[in-house]
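Please look through the model below before reading on. My comments follow as numbered points.

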Amino acid sequence: MNGFKKFYCFLVFFMLSASAIYAETDFSVNLSGNLGYVPNSSMDDSIDIYGDAVAEQLNALNNTSLFEGKNDKAGFGYGADIEARMLMDSIGFGLSLGYQVGGESVSKAEADGYKSEQSLSLELTAVSYLATVYYKHAITESGYLLLGAGGGYYDGTMTLTEEAKGFASNNFKNDYDFTGSTWGGHLKMEYNYLIGSVDLFGGVMARYAKIDEFK
């Protein structure tokens with residue numbers, strides 16, 4: 001992948017989740033959604049000159065000076081996980097499968113008053129397979145705190161998209177996928193509140209995963 005050899009990803013996710021618990025057991029299946037801050041300077045830097053270069057070409061082609069380059073940096077991520085969790089008195093274990101969108105970087109050429117736009121973007125996604133060890137601290141009869149730490153495998157995809165739209169002719173959209181994988185680590189802190197056989201919980205999760213090369 002010429003010019004796009006190395007990327008680094010630091011994932012910080014905030015969780016708001018709900019789980020169904022089988023009555024009178026410590027086993028639960030948890031479905032969670034998450035969103036958070038995911039900076040990735042390597043993605044940003046790899047495409048940042050595209051918008052300015054294309055703006056210069058479009059200005060020359062249309063005999064105008066209205067087109068300007070603009071860059072949107074990676075910074076927002078989201079995803080979902082499903083986890084099978086077993087909790088004992090104070091210790092627990094979890095295995096989860098997830099899908100994460102780890103940010104998008106965009107460099108584009110656009111002009112005020114024009115619908116036409118040409119852009120180059122990079123989007124990082126990953127399927128995650130995680131294992132977590134938990135420490136449980138009871139606070140009330142229906143509420144408890146969970147602290148978790150663990151690691152897992154991230155199977156990542158970097159999608160490169162070049163698109164031109166809104167022009168009178170020669171509009172296009174081309175997608176190219178590159179793959180890479182890595183091991184990563186994570187930390188969790190959750191507050192859980194039981195309502196009958198349903199466990200509602202929210203918390204904070206920090207992930208770190210670094211994929212050196214996409215092919």
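**Notes on the model**

1. Start with one side-chain pair. The side chain of Asn 192 makes a polar contact with the side chain of Glu 190, at 3.4 Å. Keep in mind throughout that this is a predicted model.

2. Where does Asn 192 sit? Asn 192 is found in strand β8, which covers residues 172-195. Its relative accessibility is 0%. Buried means under 20%, so Asn 192 counts as buried.

3. Next, look at what surrounds this residue. Leaving out residues up to four places away in sequence, Asn 192 touches Arg 85, Ser 142, Gly 143, Tyr 144, Leu 146, Asp 199, Leu 200 and Phe 201. Find Arg 85 in that list. The next point returns to it.

4. Now the charged partners. Glu 190 forms a salt bridge with Arg 85, and the closest N and O atoms are 3.1 Å apart. Glu 190 lies in strand β8 and Arg 85 in strand β4, so the pair ties together parts that are 105 residues apart in sequence. Are these two residues buried or exposed? Both Glu 190 and Arg 85 are buried.

5. Arg 85 has another partner to check. Arg 85 forms a salt bridge with Glu 83, with the closest N and O atoms 2.7 Å apart. Arg 85 has a relative accessible area of 1%, so it is buried. Glu 83 has a relative accessible area of 4%, so it is buried too.

6. Which residues form the network of salt bridges? Glu 83, Arg 85, Lys 188 and Glu 190 are linked in it. How many salt bridges does the model have by this rule? The count comes to six.

7. Asp 81 forms a salt bridge with Arg 207, and the closest N and O atoms are 3.0 Å apart. This pair links distant parts of the chain. Asp 81 is in strand β4, Arg 207 is in strand β9 (residues 198-209), and they are 126 residues apart. Asp 81 has 9% relative accessibility, so it counts as buried. Arg 207 has 1% relative accessibility, so it counts as buried as well.

8. The largest nonpolar core has 17 residues. Which residues have the most contacts inside it? They are Leu 122, Met 158 and Phe 214. The elements giving two or more residues to this core are α1 (41-47), α2 (50-62), β6 (117-138) and β7 (143-165). Of these, α2 gives the most, with four residues.

9. A nonpolar surface patch of about 700 Å² is made by Met 86, Met 88, Ile 91, Phe 93, Val 133, Tyr 135, Leu 147 and Met 189. Strands β5 (91-110) and β6 each supply at least two residues of this patch.

10. Met 88 has a relative accessible area of 40%. Exposed means over 50%, buried means under 20%, and partly exposed is in between. Met 88 is therefore partly exposed.

Methods. Residues are numbered from 1 along each chain as its sequence is written. This is a predicted model: local features need pLDDT of at least 70, side-chain atom pairs count only at pLDDT 80 or more; totals for chains, interfaces and linings use all residues. Side-chain values use heavy atoms; hydrogens and water are left out. A nonpolar core is a set of buried Ala, Val, Leu, Ile, Met, Phe, Trp, Tyr and Cys residues joined through side-chain atoms within 4.5 Å. Buried means under 20% relative accessible area, exposed over 50%, partly exposed in between (1.4 Å probe, protein chains only). A polar contact is a pair of N or O atoms within 3.5 Å; within protein, one must be able to donate a hydrogen and the other to accept it, and residues adjacent in sequence count only if both atoms are side-chain atoms. Contact means heavy atoms within 4.5 Å. Patches are made of residues with over 30% relative accessible area and no salt bridge: like charges are joined within 9 Å, nonpolar side chains (Val, Leu, Ile, Met, Phe, Trp, Tyr) within 5 Å. Accessible areas come from the Shrake-Rupley method with a 1.4 Å probe; for residues, only the protein chains shown count as cover. A salt bridge is a side-chain nitrogen of Lys or Arg within 4 Å of a carboxyl oxygen of Asp or Glu.
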